[in-house]
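Biologist: I would like to learn how to read strand pairing, helix packing and backbone angles from a model. Could we go through them one by one?

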Amino acid sequence: MRNVTVATTQMACSWDRAANLDRAEALVRAAAAQGAQVILLQELFETPYFCIDQRHHHNALAAPFDGHPWLGRFAALARELQVVLPVSFFEQAGNTQFNSLAMIDADGSVLGHYRKMHIPDGPGYSEKFYFAPGDLGFKVWDTRYGRLGVGICWDQWFPETARSMALMGAELLLFPTAIGSEPHDPAIQSLRHWQNTQRGHAAANVMPLLASNRVGTEHGEAGTHIIFYGGSFIAGEDGELRAEAGSEDGTILTATFDLDALAAKRRAWGVFRDRRVEHYGTLLQYAV
């Protein structure tokens, strides 16, 4: 057996950036105290979700991956607690920005970073204003506690993301997120749709999946607001909910998986064996 205990978290964020980082660290410490070895924090937890508005001055929130001002703090935390931390951050790269994630192993080493591939654009979620599409491709990393594949928020709506990482050998799928109400249509309630889509990825790839979302109402500068609904969860390899949060601030969820047993189950189930790759050309086109 190769058991690993994973945790996903959720919290509210304010414009006190130091306090947000402190709260994220506290959640990591609490999750580690519960036995978690891989701990997922939400998307862009350093600040509120600034993409509610289109404001050029928010570009100043970004920082380069090399020499980043606070990723080293979480690397030291991972080393101290002997945990794996995928950490979301706003990356400056030359004259543009990316929505990025650093993968920190349990010895504190930073294994590399991923840039969000799919960038949404809609009322309250104006990410194309801030982020260039990721140019590093999908990523999986060999960590002390397994081979991890990580996407970021909007990536989670695309089956191609999860399947690509599974084909690259991922054993766990992780998605830090920022999703809530739709400012242009309050009747849209996306929580179950959001969960069910990802639970389908878990089931289709016979692989556990963790999602971490933020909570609380956040206001933009132009009067728009989003109610982030939480609902963070851990899905098992059959797509079942192993753990689910409500809208509470500061939630930690944990679950334990035997990665060796899951690897055997994936091989036995046949969904990778029976793929017909010669007929999947339509996936490389926008329309047929």
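**Reading the sheets and helices**

Modeller: Strand 8 (residues 172-176) pairs with strand 9 (residues 209-212) in the parallel sense, over 4 bridges. Within that pair, Phe 175 stands opposite Ala 211 in strand 9. Keep in mind that this is a predicted model.

Biologist: What holds paired strands together in general?

Modeller: Strands of a sheet pair through backbone hydrogen bonds, and the sense can be parallel or antiparallel.

Biologist: What is the strand order in the open sheet of 6 strands?

Modeller: The order is 6-7-8-9-12-13, and the pairing is mixed. Strand 6 (140-143) and strand 13 (241-244) are the edge strands, each pairing on one side only. From one strand to the next the twist averages 20°.

Biologist: Which helix packs on that sheet, touching strand 8 and strand 9?

Modeller: Helix 4 (residues 191-205) does, and it also touches strand 12 (233-235) and strand 13. The direction of helix 4 makes about 30° with that of strand 12.

Biologist: How do strand 6 and strand 7 pair, parallel or antiparallel?

Modeller: Strand 6 and strand 7 (residues 146-150) pair in the antiparallel sense over 4 bridges. Trp 141 stands opposite Leu 148 in strand 7.

Biologist: How many residues lie between strand 12 and strand 13 in their hairpin?

Modeller: There are 5 residues between them, and in the turn Gly 239 has a positive phi of about 90°. The two strands run antiparallel and are joined by 3 bridges. Ala 235 of strand 12 has Leu 241 in strand 13 as its bridge partner.

Biologist: Is Ala 235 buried or exposed?

Modeller: The relative accessible area of Ala 235 is 0%. The cut-off for buried is under 20%, so Ala 235 counts as buried.

Biologist: Which residues does Ala 235 touch, leaving out those up to four places away in sequence?

Modeller: Ala 235 touches Arg 199, Ala 202, Pro 208, Leu 209, Glu 240, Arg 242 and Phe 257. For a distance across the model, take His 58, which is 177 residues from Ala 235 along the chain. The C-alpha atoms of Ala 235 and His 58 are separated by 34 Å.

Biologist: How many bridges join strand 3 to strand 4?

Modeller: Strand 3 and strand 4 (residues 96-104) are joined by 9 bridges and run antiparallel. Glu 91 stands opposite Phe 98 in strand 4.

Biologist: And which way do side chains point along a strand?

Modeller: As a rule, side chains in a regular strand alternate between the two faces of the sheet.

Biologist: At what angle do the axes of helix 1 and helix 2 cross?

Modeller: The axes of helix 1 (residues 17-33) and helix 2 cross at roughly 15° and come within 11 Å. That makes helix 1 roughly parallel to helix 2, because angles under 35 degrees count as roughly parallel. The crossing is right-handed.

Biologist: Which residues of helix 1 and helix 2 meet?

Modeller: From helix 1 they are Leu 21, Asp 22, Ala 24, Glu 25, Val 28, Arg 29 and Ala 32. From helix 2 they are Arg 73, Phe 74, Leu 77, Glu 80 and Leu 81. The residues of this contact divide into 7 nonpolar, no polar and 5 charged.

Biologist: Last, the backbone angles. What is phi of Gln 82?

Modeller: Phi of Gln 82 is near 60°, a positive value in a residue other than glycine. Gln 82 sits in the loop between helix 2 and strand 3 and is partly exposed, with a relative accessible area of 34%.

Biologist: Where is Cys 153 found?

Modeller: Cys 153 is in the loop between strand 7 and helix 3 (159-167). Cys 153 has a positive phi of about 45° although it is not a glycine. With a relative accessible area of 7%, Cys 153 is buried.

Key:
Residues are numbered from 1 along each chain as its sequence is written. This is a predicted model: local features need pLDDT of at least 70, side-chain atom pairs count only at pLDDT 80 or more; totals for chains, interfaces and linings use all residues. Side-chain values use heavy atoms; hydrogens and water are left out. Two strands pair if DSSP finds at least two bridges between them. Axes are lines fitted to C-alpha atoms, for helices over the stretch in contact, and angles run from 0 to 180 degrees between N-to-C directions. Angles under 35 degrees count as roughly parallel, over 145 as roughly antiparallel, 65 to 115 as roughly perpendicular and the rest as oblique. A crossing is left-handed if the near helix is turned anticlockwise from the far one by less than a right angle, and right-handed if clockwise. Contact means heavy atoms within 4.5 Å. Ala, Val, Leu, Ile, Met, Phe, Trp, Tyr, Cys and Pro count as nonpolar, Asp, Glu, Lys and Arg as charged, and the others, Gly among them, as polar. Buried means under 20% relative accessible area, exposed over 50%, partly exposed in between (1.4 Å probe, protein chains only).
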